[in-house]
Amino acid sequence: MTKETHKPVFAGVDVGSLTTKSVIVSNGTILGYGLIPTGINTEENGLKALQKALDTAKLTRDDLKYIVATGYGRISAPYANKTVTEITCHAKGAHYLHPGTRTIIDMGGQDCKAIRLDKDGNVVDFAMNDKCAAGTGRFLEVMANVFKVKLNDLGPLALKAKEIVPMSSTCTVFAESETISLLARGEKPENILKGIHHAIANRVSGMFSRVGVESDVFFSGGVAKNVGMKAALEEVLKAKIVAPEYDPQLVGALGAAVLARNYGGKV
Amino acid sequence: MVLETLKKIEEAVKERPQELAEARKKGAKVVGWLNYNIPEEIIHSLGLIPIRLGTGGDDRLVEIGARYISTKNCVYVRGAVGLFAENKDPYVQNSDLVAVDATCLQIYRVAELIKYYFKVNTLILGVPRNFTSPEGQVYFRKEVEAFTQKLEEFAGNKLDNNTLAESIKLYNSIRKSIKELYNYQAIDKAPLKWREVFDVIHAGFYLDRERYNSLLQELLKELKEKHGIPKIGNLNGDARIFISGSIIPPKDTKLISIIEKVGGRIVGDDLWSGLNPVLNVNIKEPSIKGIADAYINRVPHAALPYLDLETDRRLKNLKQLIKDYQAQGVIYHTLRYCDPFTFKAGETKDVLKKEGVPLLEIHTEYAGSDVEAIRTRAEAFVELIKNKNNLEIEA
């Protein structure tokens, strides 16, 4: 990508609990992105991810016309021109990638959201779970550790299951000990994993009883990279989930960048 | 610009504990009360001093209360037990009798506990579940009659219908004034915030009722002189939010502060610690029957079952208030284990959806661990409303 100074450039920064993301857009095109693990200095993380995104786009801070920050770390983002909640940003990002989106399941590092949109990408209703780790990236990280596999391999492994071993607990701590007992009993890891994914999907579907499900259903957040979770959600929600061609983990940051374009375009 | 009378009310509340203690030294008796359906007019007309008890927002008191009551009771109830266990709240300290009605049954349980553990002198007023049926109404009249008899014994005084008529007149004036105040807070460029009116209502839990009424008249006079007759309209684009659901008692500022911080403007409520108790009180005759019928026909507390959505007075009232104050969305506050309001969240949301009014449920407790999570929800809700107003975010 070459530098085009005559076209205004906008950035979105999404400081999540486990990862920090940034996306750069201009003239309706995505120019670059950055994704780093979230450390203890929230402000620094945002700036680092932003710099990384700028590097991939071969741009500098001076090229940016407007920055929108989102995610739980948005409250420590003095570099941003404006902050917007991740709920609105995910809606904008999903609508940008797939305008037919009416429902979003966002599963992030430490919370999980159900968002309903109208045809223009406006949020009409939402529900959020952040009282417990079930249905979040953190839960899956703990499970990957129990099975001694990489986080990215959890989903594909679950898809290999021939049977399902029901998991009674979605509490991270109890699910971990329940898994260890199931493994000790000789149950196959893939069957247990399928049970785990289904237990989470069932729990997440509880949020949809409050907001409803309408097609197209869009899956965003880091957990959306997990094919096992996608399959389990499709089964439980009885709805097809559309597969965007863009990294689902970057949807919030992309939405923030789209909003930056909306605000900054007027400045 | 701060209204002079608001400062005066604040000062009066500060002085009230001392005033009460002195009145008691001179022989006056204080009736503290909890819950929703205690008819203050009767307490007042017997020459007793009514004080509405209960505070919120303090997790320390909840912990203390939880030593005596199950943790599966809501934090307000646990905190109320904590108030009696600790016995430092000046109004609890100065109550010679604690009256509790059986509307919310968790609070009714508080009466049993404080009597058992802390030897508090309590008086119970039964409340019918079948409050819309003639049998329920008869039951409540008899309950108010028995309640009055016990109060008479306590006061050493008989209820007199002429004195009762005077008390009713005073309380009607208070109720009318509070409704007028609500109109001022809801106008464009309002001279006082909803939160200030909410504080004025809470001042009325404590102050001498004649003094309170005269302060309300003074406040309304000040408002009229400076700002004329309130007219709700010409909205300037604020995200106008209505608060409903579980009790938000004095000192519980958690949700209110978050809503204000994320740019929401509260313009009304149907809380039973807010506007609701003053609505639809039509006392047809100065008698026990007149009082009982009026109280049971008010907007009901959610603890009373009402299964027909079409005629549910609580929902009808909510819809009307949303229109009156031109609110654009409802934040429905539910305390964990406050079953009456939590169970009704879903149906309330569905009913309002048909009216085109979005509802966000915030389920919380007094601990601060969920402040950020609530902030994100409340902020997203404000964004949703502002977006609807086409103010800031455009697709």
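Let's start with helix α15 of chain B, residues 345-354, in this predicted model. Which of its residues are buried? B:A345, B:T348, B:K349, B:V351 and B:L352. Buried here means under 20% relative accessible area. These residues cover an arc of only 165° around the axis, so they sit on the same side of α15(B). An α-helix has 3.6 residues a turn, so residues three or four places apart point the same way.

Now the other face. Turned away from the buried side, α15(B) carries B:K353 and B:K354, and these are exposed.

What covers the buried residues of α15(B)? Elements of both chains. From chain A, the cover includes β8 (123-129) and α6 (189-211). From chain B, it includes α13 (313-324), β7 (329-335), α14 (339-343) and β8 (359-364). After α15(B) comes B:G356, with a positive phi near 80°.

Next, a sheet in chain B. It is open, with 4 strands in the order β2-β1-β3-β4, and the pairing is parallel. Which strands stand at the edges? β2 (49-52) and β4 (122-125) of chain B. Each has a single partner strand, so one side of each is left without a neighbour in the sheet. From one strand to the next, the twist averages 25°.

Look inside the sheet. B:L34 has B:V100 in β3(B) as its bridge partner.

Last, helix α7 of chain B, residues 134-155. α7 packs on this sheet and touches β1, β3 and β4 of chain B. Its direction makes about 160° with that of β4(B).

Key: Residues are numbered from 1 along each chain as its sequence is written. Chains are lettered from A and ligands numbered from 1 in the order in which they are written. This is a predicted model: local features need pLDDT of at least 70, side-chain atom pairs count only at pLDDT 80 or more; totals for chains, interfaces and linings use all residues. Side-chain values use heavy atoms; hydrogens and water are left out. Buried means under 20% relative accessible area, exposed over 50%, partly exposed in between (1.4 Å probe, protein chains only). Helices (H or I, at least four residues) and strands (E, at least two) are DSSP runs, numbered from the N terminus. The arc is that of the directions from the helix axis to the C-beta atoms. Contact means heavy atoms within 4.5 Å. Two strands pair if DSSP finds at least two bridges between them. Axes are lines fitted to C-alpha atoms, for helices over the stretch in contact, and angles run from 0 to 180 degrees between N-to-C directions.
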